[in-house]
Amino acid sequence: MEIQKSEAHLDGPLFKNALQTIEEAAKLINCDPNVLERLKRPRRCLTVSVPVRMDDYSVKVFTGYRVQYNATLGPFKGGIRYHQNVDLPEVVGLAALMTFKNSVLGLPLGGAKGGVCVDPNKISRTEKQNLTRRYASEIASFVGPTKDIPAPDVGTDPQTMAWFMDTYSQEQGGYAQPGVVTGKPVEIGGSLGRNHATGLGVVYIAEKAFEKVGIKMAGATIAIQGFGNVGSFAALFSHQRGAKVVAVSDVSGAIFNGDGLNIPELIEYIKINKILKGFPNASSITNEELLTLKVDGLFPCALEGQIDTHNAENIKAKVIVEGANGPVSVAATKILHKKGVFIAPDVIANGGGVIVSYFEWVQDIMSLFWDEEEVNNRLKTIILRAFDVGFKFHQEKNVDMRSAAMAVSVQRLEKAMLLRGLYPR
Ligand code: NAD
């Protein structure tokens with residue numbers, strides 16, 4: 001696609017990477033060219049100014065975004081990110097990813113993403129609340145339980161969602177509207193099981209991927225990059241299933257124990273010490289060494305772009321499960337696929353979060369709430385079904401799992417778009 005000057009928002013690296021996978025997927029399924037043309041562009045991009053009264057009484061104006069990429073399958077859905085690097089091209093890329101993730105998971109939801117360019121660690125709690133309330137107010141007419149349902153992402157949390165929901169509800173005459181956001185605290189309409197959902201989904205997928213290459217989870221060796229929400233729960237659920245989590249990392253570096261780290265102790269350790277460094281009964285290694293360990297499973301659960309052409313050849317894991325968004329580049333995927341490494345792609349592997357967000361939205365609409373066991377079981381059914389459909393395509397067409405997942409996703413969107421008659425041949 002040729003990008004013109006007025007379309008700089010389509011020129012970000014994340015979106016370009018997404019476009020490459022969309023185009024490759026479209027080829028695999030012989031997608032209608034008119035549908036493809038539409039799928040390569042966001043539906044709506046909103047930029048808002050967010051004036052905030054700071055603690056020193058000055059007013060600072062931040063820039064916020066909400067990109068609604070595609071709503072063919074249902075209301076727009078996607079998180080809100082607070083980070084100093086947020087800009088429109090990044091939000092467009094993330095909104096596109098949400099569209100294809102929700103489609104391959106079989107959720108009745110479209111894709112969106114939002115964000116504010118702000119360093120959340122450099123503002124006070126009051127300033128964060130003021131910022132959230134004004135941002136919510138600025139985008140209020142574009143969101144709602146049947147229109148667009150935000151959720152937390154990097155730099156936002158259940159409290160942020162509570163402020164967002166309260167502001168939106170005030171704008172609707174003061175009537176509580178829990179269904180406008182997900183990832184809320186349980187006390188105001190959040191779902192049980194939401195906090196650990198992504199990590200649990202990663203482990204459901206890891207078990208299945210191991211099974212496909214003849215490895216048992218009990219006794220398997222695993223290395224995990226990142227020990228935040230996704231990485232720590234993925235480590236805990238793997239440990240509980242008898243796997244040996246031999247290495248984990250965070251910004252302070254990586255730690256290793258060939259007999260397996262004591263994950264419950266490590267979780268307690270990090271609550272007090274904040275970083276992994278210094279944990280007893282483990283040696284220090286670098287993050288790069290962690291990525292190239294000879295293990296059964298490697299779960300990158302930190303950042304995008306961790307495995308690229310510079311290190312793909314050195315990867316010795318048999319299975320990679322992408323807990324983070326975009327940790328393995330498209331070029332590295334091709335190299336690893338050739339080497340026989342099985343990659344469970346992000347759009348499926350880290351889908352647990354949005355699946356339970358979907359459950360939260362459903363429960364809010366019904367005003368009827370499920371126990372945690374029901375949430376976990378329903379999560380397992382949906383995420384494994386997505387894996388099975390992707391795996392079948394991967395085997396039939398002899399393509400890597402990422403290409404297969406994207407092909408399934410584009411195919412569903414194509415069918416729905418043609419059925420709705422929006423893009424006739
Ligand atoms: P988080 O902020 O809770 O944790 C991130 C972890 O990565 C921290 O332990 C941090 O120290 C570590 N980290 C950062 N830079 C690192 C580096 N260079 N090397 C090693 N470790 C590093 O974030 P999270 O919610 O766990 O999200 C992690 C990834 O998963 C992101 O890509 C996010 O978009 C994706 N994701 C999260 C969810 C969710 O529900 N939380 C859902 C889908 C996808």
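Reader: Which residue in β5 does I80 stand opposite?

Author: The model is a predicted one. In it, I80 stands opposite P152 in β5.

Reader: How do you know that β3 and β5 pair, and in which sense?

Author: Two strands count as paired if at least two bridges are found between them. Strand β3 (residues 76-83) and strand β5 (residues 148-152) have 5 bridges in the parallel sense, so by that cut-off they pair.

Reader: What does β3 have in β4?

Author: A parallel partner, strand β4 (residues 111-117), with 4 bridges. Within this pairing, V116 is the bridge partner of Y82.

Reader: What makes β3 count as mostly covered?

Author: A residue is buried when its relative accessible area is under 20%. In β3, 7 of 8 residues are buried.

Reader: What kind of unit do β3, α3 and β4 make?

Author: They make a right-handed β-α-β unit, in which helix α3 covers residues 88-104. The name right-handed is used because the path from the first strand over the helix to the second runs clockwise when the strands point away from the viewer.

Reader: Where do these strands sit in their sheet, and why are β1 and β5 called edges?

Author: The sheet is open, has 5 strands in the order β1-β2-β4-β3-β5, and its pairing is mixed. β1 (44-53) and β5 each have a single partner strand, so one side of each is left without a neighbour in the sheet. From one strand to the next the twist averages 25 degrees.

Reader: In which sense do β1 and β2 run?

Author: They run antiparallel, with 10 bridges joining β1 to strand β2 (residues 59-70). One of the pairs is V52 with its bridge partner K60 in β2.

Reader: Is N30 buried or exposed?

Author: N30 is exposed, with a relative accessible area of 67%. N30 is found in the loop between α1 and α2 (33-39), and has a positive phi of about 55 degrees without being a glycine.

Reader: What is the order of the sheet of 7 strands, and which strands are its edges?

Author: The order is β9-β8-β7-β6-β10-β11-β12, in an open sheet with mixed pairing. The twist here averages 20 degrees from one strand to the next.

Reader: How many bridges lie between β6 and β7?

Author: Strand β6 (residues 221-225) and strand β7 (residues 244-250) share 5 bridges in the parallel sense. Among the facing residues, A223 stands opposite A247 in β7.

Reader: What are the domains, and what separates their centres?

Author: The domain assignment gives domain 1 (2-18 + 41-176) and domain 2 (197-344). Their centres, taken over C-alpha atoms, are separated by 30 Å.

Reader: How many cavities of 30 Å³ or more does the structure hold, and what lines the largest cavity?

Author: The structure holds 2 of them. The largest cavity has a volume of about 50 Å³. Its lining includes T21, E24, V330, D400 and M406. The elements giving two or more residues to that lining are α1 (13-28), α10 (330-339) and α14 (401-420).

Definitions and conventions
Residues numbered from 1 in each chain as written. Predicted model: local features only at pLDDT ≥ 70, side-chain atom pairs only at ≥ 80, totals over all residues. Heavy atoms only, no water. Buried < 20%, exposed > 50% of the residue type's maximum accessible area, 1.4 Å probe, protein only. Axes fitted to C-alpha atoms, helices over the stretch in contact; angles between N-to-C directions. Domains from an automatic or database assignment. 1 Å grid on protein atoms, 1.4 Å probe; cavity = no way out; pocket = protein on both sides within 12 Å on 5 of 7 lines; lining within 4 Å. Points joined across faces, edges and corners; volume = space filled by probe spheres on them.
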